[in-house]
Amino acid sequence: DGDFYHFQRFDDHLVDVLTGDVMGKGVAAALVAAGVKSAYEQALIRLMTERQFNGEPPPVQAIVNSMHADLMQELMHLGCFVTLTLLRVNRQDNSVTWVNAGHTPTLLGRAGTDEVLELLGENLPLGVMPEEQYAEHCTPMQDGDMLLLFSDGLSESVNQQGEQFGVDRIKNLLAMGMTRAAYPTMMLNSLRSVVHDHTDFSVTRDDS
């Protein structure tokens with residue numbers, strides 16, 4: 001399938017999380033997804049060897065813009081695009097820095113409250129506009145906050161009446177879990193259960 005994810009740990013405090021979704025399905029989409037993950041690794045290595053960042057990992061936006069430059073022509077040739085989020089969690093300064101390229105929002109649940117933020121941005125998917133410039137955003141985090149990354153296979157799961165599950169239902173479940181200080185595994189199990197009930201255990205039209 002075209003859904004993909006990749007983790008890059010830099011040290012005990014810093015980790016990148018790449019998630020995304022390739023237009024289309026099947027083997028072709030899976031091959032493009034593998035290519036996107038490879039493009040991330042190549043961009044990271046190339047930018048780090050240029051030694052512009054004093055030994056620090058290159059900025060998130062620099063990586064995504066480099067990936068876009070590398071992939072644009074091939075994506076246009078294939079007639080497809082890729083939505084993705086590149087998110088960097090920094091436990092040392094309690095922040096998350098992210099670029100969203102037309103992907104579903106990352107949800108940030110605030111500890112002990114029912115506040116759930118959508119980390120979305122305004123950038124287009126990769127492969128749409130050659131001149132697109134991807135901009136990063138930085139959001140502070142607190143102890144106990146929780147991040148939920150997902151693809152549209154979850155939010156667009158439909159029931160027999162054609163009604164999508166939607167982002168709001170996901171946010172409500174996350175908010176309920178945050179107010180009760182539930183463990184992540186408990187929240188995920190609840191989310192799976194509610195989605196299965198919504199779709200009447202039928203086969204979804206997309207990947208989740």
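**A walk through the strands**

Hi everyone, let's start in strand β3, where V82, L84, L86, R88 and N90 point one way while T83, T85, L87 and V89 point the other way, and all of them are buried. Please keep in mind that this is a predicted model.

How many of the nine residues of β3 are buried? The count is nine of the nine across residues 82-90, so β3 is largely enclosed by the rest of the structure.

Now, who are the partners of β3? One is strand β2, residues 14-22, which pairs with β3 in the antiparallel sense over nine bridges. If you want to find this pairing on your screen, look for V17, which stands opposite L87 in β3. Another partner is strand β4, residues 95-101, again antiparallel, with six bridges to β3.

Follow the chain from β3 to β4 and you trace a hairpin with four residues between the two strands. In that turn sits N94, which has a positive phi of about 50 degrees.

A quick reminder before we move on: strands of a sheet pair through backbone hydrogen bonds, either parallel or antiparallel.

So which order do the strands take in the open sheet of three? The order is β6-β5-β8, and the pairing is antiparallel. The edges belong to β6, residues 116-119, and β8, residues 146-148, each of which pairs on one side only. On average, neighbouring strands in this sheet are turned by 25 degrees against each other, direction ignored.

Let's zoom in on one pair. Strand β5, residues 106-109, is joined to β6 by four bridges, and these two run antiparallel.

S66 lies in helix α2, which covers residues 60-78. Is S66 buried or exposed? The relative accessible area of S66 is 11%, and the cut-off for buried is under 20%, so S66 counts as buried. Leaving aside neighbours within four places in sequence, S66 is in contact with A43, R46 and L47.

Note on methods: Residues numbered from 1 in each chain as written. Predicted model: local features only at pLDDT ≥ 70, side-chain atom pairs only at ≥ 80, totals over all residues. Heavy atoms only, no water. Pairing = 2+ DSSP bridges. Axes fitted to C-alpha atoms, helices over the stretch in contact; angles between N-to-C directions. Buried < 20%, exposed > 50% of the residue type's maximum accessible area, 1.4 Å probe, protein only. Contact = heavy atoms within 4.5 Å.
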